[in-house]
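Colleague: I would like to learn how to read strands and sheets in a model like this one. Could you take me through it slowly?

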Amino acid sequence: MSRRLSVVPLVLLLGLLLVFSSLSVPQATGSSRGSTDDKQTASARIGGCIAGGGRGQILLLIDRSGSLTSTDPTGARVDAAQYLVSQMEQVATSTSAHIDVAVAGFDATYERTLNWTKLTASSLGTVRQDLDSYRQANRGVDTDYWVALDGARKEIAQRTKGARDSSCSMIVWFSDGQFDIEPRDGTGTEGVLGEDKPYAAGMPLGSRAQADAARERGERDLCRPGGLADQVRSQQTALIGVGLSGSGKPDFTLMKNVATGGSGGRCGKVTSPAPGEFFLAENIEDLFFAFDAFSSPGREPLRRETATCQGRPCAEGTHTFVLDTSIGQVHALASTTGAGARVLVKNPKGETVQLSKSSGQKTVGGAKLAWKWVSESAVSVDITRQGDANWAGPWGLVFLADQKGKARSSLRIFGDLVPTWDASDPRELTLGEKTPLTFGLAHTDGKPVKPADVAGEAELSAQLVLRDGTTVPIVQGAKGEQIAKPVEFDPGSVTPGPAKVSVELKVTTADWRDGNRTVSGTVLEPQSKEFPVEVKAPANYPKVTGALDFGQTESTDPRTATLALDGEGCAWLTGETNMTATPEGVKTVTLASPAKDQSSCASGELEVTLTPSEVGNGLVGGDVTVMTAPQDGSAEALAVTVPFSLEMQRPRDTGVFLLVLIGVTLLGLLIPIGLLYGAKYLTARVPGTSVRAISVRGRIDDSESFLDAGAPIAQDKAQTAILEGNDRRNVPIAGKTLKAKVGLDPTGPGHVIVEQASRIAGAGSSAENVKGLARLPLAVQGHWIMTLDSTDPVAGDVEVTFFTAAGDPGLEEMIDDARSSAREVVASLRDQFAQDPTAAAPAVVDEWSTTPSSGGFDAWSDPDPAAAGNPTSETDSSRIRATSAQPPVTGEPPAHPPTSSPDDDAW
């Protein structure tokens, strides 16, 4: 699936969660302990968390495997994602919610492409731009669920470190295929994709059978008790899976089970509260409707599927909904099929507006309509109240077509009311004490609303939600004036520690009556908010704060962490541990403390040591029981459940690795290395169709540089070597030879050595050289060298040669570079000469000249000037000079000067 697509659903989900995060809540007064609440969806939980002031952390995890070239060839999902991100930004802005978004892609590896970014109007463009990059991100190998989720889990853990209870984290995971691993073909892909998998260490991937065996190992580790799915859930992170099903109809059973836990404990053991949700989309419209489904906190949007009306509006082809003055906006997604299909909006007065193709907006009565067709047959429309005229009453989406067709719609009606919890109420609940709590209603702008003034019906509920998902009712189904009536709440015998108060509001719009005709009001989406609280032991007990974070490890060495104890009293560790997450291969984890009973209990802080039996890849996590007691022992000890975590990474077994390496080497390691060198040799050539050399000469030292006034370029002295048909590994030009080298590194790029009589030369501003000869990349065009005078390297003139191509592209930039760094480069080269004075003038015998040449005489720098008329041939190009600084030379210079190469042993 398209990477861009995955991001969109997540963004939309967060935005919608935030916008509609006022959920309906049960009501009843009381403090008796309830059962675990498995009815609230994961998206509802995160939406309420954000609405209650928590910090949203939403990671969009997008498949970028090669199958996307067929399932989303045009990048339509990217368009949808960007639209949804825009919707989410509007929600975040209008509600002042804090939502951070990150984007990551996966195939054989996990890669974050967008850092955590707060979603605002100014950052929206950055998010959209990153999503846009996923249009072409569809060439990946593997669809590795394990690598994807482990990378996302670590990303979330790092982001929420130290603030897990105040964060609202969610992974939105998109894939268009099943868990799949491709065999490694032995041609070098192992270096990029890996020779094995972290969940199948040491298992080769060379054949289909081996790759399938590794995948099966990964599937088991995902869903075993304590496996990767449980590790994600142990971090209180919701997982939303979106299966993008095209013509191939992949089996998403595993993906669904990982996201939701499956039925009957099919995947993991941490299934409460609800760990996540799964949605299947077979086309772009299904994807939009799936977004609507999981972005509604706690309940489905108002949906309807009908036939289309033919010719004129009809009741059976109209989706009717009733609005009143408590409603501020309606968002609808509608699609229809059939020849001549079209969609109309009808207001209570009977006025209709046809939603023309593309996009548009229009004001009708007291409402503003804005719409956009997001696909050929689906339209998104927003209806916003601007006044009371013709607003209250029945509205309708009308579907018309020339021939019989199908229509469907999804409505989100945004009420103007949200639930509140009095800010002056304490956010700490003490066991054995009744705490007064006051709830109420407010407009979305924060202004309080008297329940009696609500036009329709409002119903409020609140409950205490413990860490394990267990709930204790506070208020159930309060209506009218009962909503704002204070209640006294005692949490009862629950376990002390972090918890949340969840407040939900249900609103039903007022019935609409016109004479004898009555249209029932519309039940709006519930609004919910979650507020973090602390359940405390009585005052004479210590308050246990935080969690036990043991950091990261690659060994079985004991790890120690401390737990803060505030107030009077002391605490000790019982050793009772509930493990919820364990890497594969880790059989036991022991937690111990010097404070192991009441006689040795600790005050101020409790030191705890964790010792794993083995090392694995993944999260060690769970809860440990800490007993607390008054310092004077005047009351019974109370148990407190404390979460703990340790991130583990299995190190490479050095001994085994060396043995394997030696064995592989003996069995033929030189063969692939030879292939690499062979491939490098074939590509170690000077590219392009030509090389031009332009040389200038003058004085450069600490006090002056002839380049300061600009390089005195003489275009008629420029030399050109045509590369077509020539030996691209040895290119003679301007008294020099560009000699391509493979180099010793089998995976590194090749390079060019500039051979010439003078052995002190450097390439570019870095003065890079090899044993006194300038070294350039294979593409020499666009680079320059400096060469010291062969007879007087310390004080003589310096030659600067610019290598370019036809038309001299980049010449001015090279001249500027040389001008700015000339003195530094020359000083560096002269320092090298000082260290090795023989390097500038090696005594060589010129086997190609009529007389011996000494190191002080450049036999190729001043060839016959008559040859300058034809600089395009191989021979002539080596006979043409750019300057006249050297005297004429007797004898014909060779096409290939016999200067020895400093690295002939490296090809």
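Colleague: Which residue in β47 is the bridge partner of isoleucine 785?

Modeller: Before I answer, note that this is a predicted model, in which local features need pLDDT of at least 70 and side-chain atom pairs count only at pLDDT 80 or more, while totals for chains, interfaces and linings use all residues. Residues are numbered from 1 along each chain as its sequence is written, and side-chain values use heavy atoms, with hydrogens and water left out. Strands are DSSP runs (E, at least two residues), numbered from the N terminus, and two of them pair if DSSP finds at least two bridges between them. Here the partner of isoleucine 785 is threonine 801, and strand β46 (residues 783–788) is joined to β47 by six bridges, the two running antiparallel.

Colleague: Which strand do seven bridges join to β47?

Modeller: That is strand β38 (residues 690–698), which also runs antiparallel to β47, and there valine 696 has valine 800 as its bridge partner.

Colleague: How do the side chains of β47 point, and are they buried or exposed?

Modeller: In a regular strand the side chains alternate between the two faces of the sheet. In β47, Val798, Val800, Phe802 and Thr804 point one way, whereas Glu799, Thr801 and Phe803 point the other way, and all are buried (under 20% relative accessible area, with exposed over 50% and partly exposed in between, using a 1.4 Å probe and protein chains only). Seven of the seven residues of β47 (residues 798–804) are buried, so this strand is largely enclosed by the rest of the structure.

Terms used
Helix = DSSP H or I, 4+ residues; strand = E, 2+ residues; numbered from the N terminus.
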